[in-house]
Amino acid sequence: MESQESQDVPDGPAVHRAFICASFNQDTTSLSVGTKTGYRLFSVTAVDKLDCIHEGVECPDVYIVERLFSSSLVVVVSLSMPRRMNVYHFKKGTEICNYSYSNNILSVRLNRQRLVVCLEESIYIHNIKDMKLLKTLLNTPTNPTGLCALSVNHSNSYLAYPGSATIGEITVYDANNLSTLTLIQAHDSPLAALTFNASGSKLASASEKGTVIRVFSVPEGQRLFEFRRGMKRYVSISSLSFSADAQFLCASSNTETVHIFKLEQHSPSQDEESPTWSAYVGKMFTAASTYLPAQVSDMMHQDRAFATVRLNMFGLKNICALATIQKLPRLLVASSDGFLYIYNVDPQDGGECVLVQKHRLFDSSEEQVEEKEEENQEDVSPQPASQSYAATVALPSTPPSSTTLMGYSEDGGAQKGEVIPEHEFAEGPVCLDDENEFPPVGNQSN
């Protein structure tokens, strides 16, 4: 259910990018935003107000920021050091540990049991309690965007990532037992988006074409649903996200439309009980599809969007998520124009969603300062910090960092104590507030 980080899309000449990256936490109660000056964490538990609960300035140009549920644990990666992952206790303002990798970090996923770091051709799986490296998946298919998904349900900790660089094959890996579960032939084209539902029993995927979204059972890999986002044009799907009850799935892209699909099985008895004209036509199409080519037949069996949102923007990167806020279903859209949009969703009739609130993530004065900085950088020579995420990770590899890892050893994780205490793995919201929750981290390293 964790919403994926927004992917870069080309910006128009007049578009101001208010942030570098954005992601919702695992239960969609918090929004994390990476900026030129650091990162910000927002609470999204109310419609009428958006509280900035923390602003981190430990490192600039943050292109990955992931928060563990509602805890004080946050993972940050900066464009200035794209090979190093920093783990912070943000309420104490302390670094728990950091870890450097052989190449640029493209994405990070975490739940209460595992922390997964994805590079272009390898994946590292850590035990989040002590940061011990449990498994390294080497020579994985080239994955230039770091596409992967981790089930937020730590009792299974399923990990999904591309099984091929040329077709839409998904590898489903058990990150708890450290073994491959299944391979799913999901699409003909390479994958663009992946997400699990909250329990880890369903996996949604989209390809680079972006026209069809499919949902599979996990771990069986059986196709359960197929939704058609559109037919006229290929689009870049930027995020997929299930609702908490897995009854709905939303998809955003580089177009102006966000689609919400309803996961419901159509039984013949339903059509008989309500003999409407549309049901009659549907039966005719179903009968006719048996005589048509396979591609046309598949298209006729694909469900369309249950609800939609028309954004007042086009071409901006954004992420979407479905959440229950103040007991009502809402659609959240965080856009790189610097706003969080909240829409009401009608769970019965669907249709066009209504915008109920628009929150500014940054003060206008801050945006003006950033715009001036960008102008100054254009007047001089381009600096690495102003490059896009995609451009940065495409840079040639730099020599390995010699930075000492505080409290981390290759064979034993944290030198003293655990990163996250046992009681944080109980059901319910995670709150790392107690001063004694994180033991002192040793300065020695192997």
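**A walk through the strands of a predicted model**

Residues are numbered from 1 along each chain as its sequence is written, and side-chain values use heavy atoms, with hydrogens and water left out.

Staying with this pair, Tyr-161 stands opposite Thr-171 in strand 15, and a hairpin of 5 residues links strand 14 to strand 15. Strand 14 also pairs in the antiparallel sense with strand 13 (residues 149-150), over 2 bridges, and there Ala-149 stands opposite Ala-160 in strand 14. Is strand 14 buried or exposed? In strand 14 (residues 158-162), 5 of the 5 residues are buried, so the strand is largely enclosed by the rest of the structure; buried here means under 20% relative accessible area, with a 1.4 Å probe and protein chains only.

Stepping back to the whole chain, there are 5 helices and 31 strands, and of the 446 residues, 54% count as buried.

Now to the interior, where a nonpolar core is a set of buried Ala, Val, Leu, Ile, Met, Phe, Trp, Tyr and Cys residues joined through side-chain atoms within 4.5 Å. The largest such core has 25 residues, and those with the most contacts inside it are Met-85, Ile-105, Val-108, Leu-115 and Val-117. At least two residues of this core come from each of strand 5 (62-67), strand 6 (73-78), strand 7 (81-89), strand 8 (94-100), strand 9 (107-110) and strand 10 (114-118). A second, separate core of 20 residues includes Ala-18, Val-33, Ala-321 and Leu-340. Beyond its neighbours within four places in sequence, Met-85 is in contact (heavy atoms within 4.5 Å) with residues including Val-76, Tyr-99, Ile-105 and Met-131.

Finally, an open sheet of 4 strands has the order 5-6-7-8, with antiparallel pairing, and its edge strands, strand 5 and strand 8, each pair on one side only. Within this region, strand 6 and strand 7 run antiparallel and are joined by 5 bridges, and Val-76 has Asn-86 in strand 7 as its bridge partner.

How values were computed
Predicted model: local features only at pLDDT ≥ 70, side-chain atom pairs only at ≥ 80, totals over all residues. Buried < 20%, exposed > 50% of the residue type's maximum accessible area, 1.4 Å probe, protein only. Pairing = 2+ DSSP bridges.
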